[in-house]
Amino acid sequence: MSGASLHNALLRPPIIQILRATGFHATCPSVLDTLADLTARYIMLLASSASDHAANAHPEDPIPVLEDVYQALQDAGALRPQLQEWEEWWEGEEDMRGLEGFLSWFTGPSNSEIRRIAGFVPSEGDVVDTDSLEKEDYLTALKKKHSKTGEESRYAGTILGKNAEEHPVVIEGGAPTIQEWSSQMRSRAPYMADSDSSGVSSAPSNLSDTEGMDV
């Protein structure tokens with residue numbers, strides 16, 4: 001599976017949960033794929049914009065910070081309504097309506113329902129571990145749900161798990177390392193040269209004689 005296909009596959013479950021939280025109970029596969037593609041494009045737009053702002057604002061350490069993400073959200077139109085910078089300068093105060101609206105949506109009842117459906121917020125009457133409350137992302141919860149043992153070893157070395165420890169891959173019947181293979185090839189070089197020189201036969205004398213040949 002290619003990287004793009006895997007990422008789209010990982011996007012489908014959260015989008016399904018969001019649709020469920022907003023009141024949809026069925027959809028067509030083509031609609032789901034379209035929403036996954038739009039979501040991936042939007043996330044890429046935010047990430048690339050935040051990266052550009054970080055490279056311009058602090059090129060010595062181009063790791064995006066909160067201010068870079070804030071400006072990326074502004075570029076994408078996520079913070080509306082909001083005055084332009086020169087309008088804020090003219091008014092003499094910073095316009096916080098867009099940011100406050102975004103925070104009210106994020107912490108409001110709509111997003112709370114999405115988080116509840118995704119498993120981050122317990123339903124009424126549910127008994128949960130307070131230590132793990134709102135500390136586990138959706139993908140981790142989904143992996144535990146579909147894992148019979150609950151162990152992370154089955155995902156080690158994959159994009160879904162932790163990086164596996166590097167170890168040499170032994171090729172059966174061959175040299176275990178590149179260095180040993182290189183030394184073997186160097187040791188065989190004189191014998192290979194002798195074999196090539198002895199295996200070349202001289203051309204018949206009559207082929208080297210141009211007399212009697214039609215040119």
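In helix 3, which spans residues 66-75, the buried residues are Asp68, Tyr70, Ala72 and Leu73. The model is a predicted one. Helix 2 (29-57) and helix 5 (97-107) are among the elements that cover these buried residues of helix 3.

Just beyond helix 3, glycine 77 adopts a positive phi of about 80 degrees.

## The second largest pocket

Helix 3 also takes part in a pocket: with 5 residues, helix 3 contributes the most to the lining of the second largest pocket. This pocket holds about 310 Å³ of space. Helix 3 and helix 4 (85-91) are the elements that supply two or more residues to its lining.

The lining of the second largest pocket comprises 13 residues, and those nearest the pocket centre are Tyr70, Gln74, Gln82, Leu83 and Glu85. By class, the lining divides into 6 charged, 5 polar and 2 nonpolar residues.

## The chain as a whole

The chain contains 9 helices and 0 strands, and its pattern along the sequence reads α-α-α-α-α-α-α-α-α. Of its 215 residues, 15% are buried.

Among contacts with a separation of 6 or more, 28% join residues 24 or more positions apart. The chain exposes about 17,100 Å², of which carbon and sulfur atoms supply 58%.

How values were computed
Residues are numbered from 1 along each chain as its sequence is written. This is a predicted model: local features need pLDDT of at least 70, side-chain atom pairs count only at pLDDT 80 or more; totals for chains, interfaces and linings use all residues. Side-chain values use heavy atoms; hydrogens and water are left out. Helices (H or I, at least four residues) and strands (E, at least two) are DSSP runs, numbered from the N terminus. Buried means under 20% relative accessible area, exposed over 50%, partly exposed in between (1.4 Å probe, protein chains only). Contact means heavy atoms within 4.5 Å. Accessible areas come from the Shrake-Rupley method with a 1.4 Å probe; for residues, only the protein chains shown count as cover. On a 1 Å grid over the protein atoms alone, a cavity is a set of points where a 1.4 Å probe fits but cannot get out, and a pocket is an open set with protein on both sides within 12 Å along at least five of seven lines; lining residues have an atom within 4 Å of a point. Grid points are joined across faces, edges and corners, and a volume is the space filled by probe spheres set on the points. Ala, Val, Leu, Ile, Met, Phe, Trp, Tyr, Cys and Pro count as nonpolar, Asp, Glu, Lys and Arg as charged, and the others, Gly among them, as polar.
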